[in-house]
Amino acid sequence: MLSTFGNLLKHWRKQRNFSQLDLALASEVSQKHISFLESGRANPSQEMILQLATVLDIPLRQQNIMLTAAGFAPIYSESDLSSPEFEPIRKALDFILLSQIHSPVLVMDRYWNLIQTNAVSQQLIDWLINPQDLEKLLDIDGKINLMRLMFHPQGLKPFVANWEEIASHLIKRAYREALTSGNSQQPIKLYQELQTYPDVSQLWKLSNSHTWQLPLLTVNFLKDGLNLNFFSAIATLGTPHDITLQELRIETLFPADEITQTNLTKLN
């Protein structure tokens with residue numbers, strides 16, 4: 001159980017591959033005090049929690065959980081992206097989406113739910129899957145979940161030529177996110193759902209060693225004789241003080257070759 005502050009601290013220390021001595025030196029706290037905090041023999045102050053969380057680079061959501069476990073009120077907000085104070089952020093996202101006229105851009109939350117796309121992304125998705133069929137893959141909030149979309153047998157799977165390589169990478173990432181989800185059940189439920197889809201259980205055995213000679217893992221879409229090969233770059237917002245903003249991911253799919261660049265124009 002990770003319900004106590006001591007267990008949470010120990011969990012994140014191990015996640016970051018810190019020994020108690022490493023953490024003590026980096027945070028300028030005695031190793032004995034770190035040991036006492038983890039065992040419950042000492043109680044942390046709010047300042048100590050935030051100091052240790054900074055050294056361990058703990059996400060804001062998890063910092064709130066640690067504060068609550070230690071008897072303090074959470075200090076980080078989780079606002080709706082439509083909130084008035086987020087207008088500059090929304091304008092920045094719109095600028096990013098509109099400025100990429102040749103590459104698909106996807107804005108998603110921490111649960112892989114699609115929030116926004118640009119025109120090229122929408123063209124790509126509509127080309128791969130009929131919009132009416134896509135509705136069958138919507139989650140309970142009416143959002144497209146990109147993990148579900150990639151793994152579902154009626155989603156993108158039939159059109160990804162290197163599906164096993166991509167899915168192997170993603171299921172391991174979903175597992176890591178479920179492992180570090182704290183009190184949030186959504187990453188765990190998503191991982192468990194993905195495990196029920198055909199061919200997923202065997203992906204753990206795939207090492208992808210034959211792709212290591214490539215500089216980046218690319219996703220290769222193939223449909224109706226048209227081949228599109230992309231590598232991706234994921235951006236986040238810098239120095240956020242809000243959980244929603246910290247967890248936003250902006251993924252851009254860049255053409256990995258000239259053929260893809262040419263074939264993209266045929267989707268119009």
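A residue counts as buried when its relative accessible area is under 20%, as exposed when that area is over 50%, and as partly exposed in between. Keep those cut-offs in mind as we walk through this predicted model.

Let's begin with W204, which sits in the loop between α11 and β3. Its relative accessibility is 34%, so W204 is partly exposed. Together with Y175 and L179, W204 makes a nonpolar surface patch of about 280 Å².

Now turn to helix α10, where you will find S168. This serine has a relative accessible area of 0%, so S168 is buried. What does its side chain meet there? The side chain of S168 makes a polar contact with the side chain of K172, at 3.3 Å. A polar atom of the S168 side chain also lies 3.2 Å from the backbone oxygen of L203.

The largest nonpolar core has 41 residues, and L124, F151 and F221 have the most contacts inside it. Two or more residues of this core come from each of β1 (105-108), α7 (119-128), α9 (146-151), α10 (163-179), α11 (186-195), β3 (219-223) and β4 (226-235). Helix α10 gives the most, with seven residues.

Leaving aside residues up to four places away in sequence, F221 touches L124, W127, L128, L156, F159, V160, L226, N227, L228 and F230.

Definitions and conventions
Residues are numbered from 1 along each chain as its sequence is written. This is a predicted model: local features need pLDDT of at least 70, side-chain atom pairs count only at pLDDT 80 or more; totals for chains, interfaces and linings use all residues. Side-chain values use heavy atoms; hydrogens and water are left out. A nonpolar core is a set of buried Ala, Val, Leu, Ile, Met, Phe, Trp, Tyr and Cys residues joined through side-chain atoms within 4.5 Å. Buried means under 20% relative accessible area, exposed over 50%, partly exposed in between (1.4 Å probe, protein chains only). Helices (H or I, at least four residues) and strands (E, at least two) are DSSP runs, numbered from the N terminus. Contact means heavy atoms within 4.5 Å. A polar contact is a pair of N or O atoms within 3.5 Å; within protein, one must be able to donate a hydrogen and the other to accept it, and residues adjacent in sequence count only if both atoms are side-chain atoms. Patches are made of residues with over 30% relative accessible area and no salt bridge: like charges are joined within 9 Å, nonpolar side chains (Val, Leu, Ile, Met, Phe, Trp, Tyr) within 5 Å. Accessible areas come from the Shrake-Rupley method with a 1.4 Å probe; for residues, only the protein chains shown count as cover. A salt bridge is a side-chain nitrogen of Lys or Arg within 4 Å of a carboxyl oxygen of Asp or Glu.
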